[in-house]
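Student: I have a structure to go through. Can we take it term by term?

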Amino acid sequence: MTKNNSFPEVERNKFVFDKTNFLLIGAGMVIVIIGFILISGPGSTDTAFNPDIFSVRRIKVAPAVCFFGFIFMIYGVLRKPKVNHEQK
């Protein structure tokens, strides 16, 4: 008896992403983590005001770094891998 599957055969060794996609996604994650580290720091309390919460690093630089990290990750997901004609 033969199986009559309505699903097409899928090759097990083909991935949607190639090595470059994974590297871009990983680099984006690292950049986002660096941005969150730049944002972190001591806060103000009820008894003492810390003006460092309004520093340029925490207000402008760190969100820009996180934004570029997310852009890297989005590009890594949307990038279409190159198809080798030899593997077809």
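Student: Which residues of α2 are buried?

Tutor: They are Arg58, Ala62, Cys66, Gly69 and Gly76. Buried means under 20% relative accessible area, exposed means over 50%, and partly exposed lies in between, with a 1.4 Å probe and protein chains only as cover. This is a predicted model, where local features need pLDDT of at least 70, side-chain atom pairs count only at pLDDT 80 or more, and totals for chains, interfaces and linings use all residues. Residues are numbered from 1 along each chain as its sequence is written, and side-chain values use heavy atoms, leaving out hydrogens and water.

Student: What covers the buried residues of α2?

Tutor: The cover includes α1 (19-39). Helices are DSSP runs of H or I with at least four residues, numbered from the N terminus.

Student: Why is proline 63 called partly exposed?

Tutor: Its relative accessibility is 34%. That value falls between 20% and 50%, so proline 63 counts as partly exposed. Proline 63 also touches Ile39, Arg57 and Arg58, leaving aside residues up to four places away in sequence; contact means heavy atoms within 4.5 Å.

Student: Where does the kink in α2 lie?

Tutor: A kink of about 30° lies at alanine 62, shortly before proline 63. The bend is the angle between axes fitted to the seven residues ending at a residue and the seven starting there.

How values were computed. Helix = DSSP H or I, 4+ residues; strand = E, 2+ residues; numbered from the N terminus.
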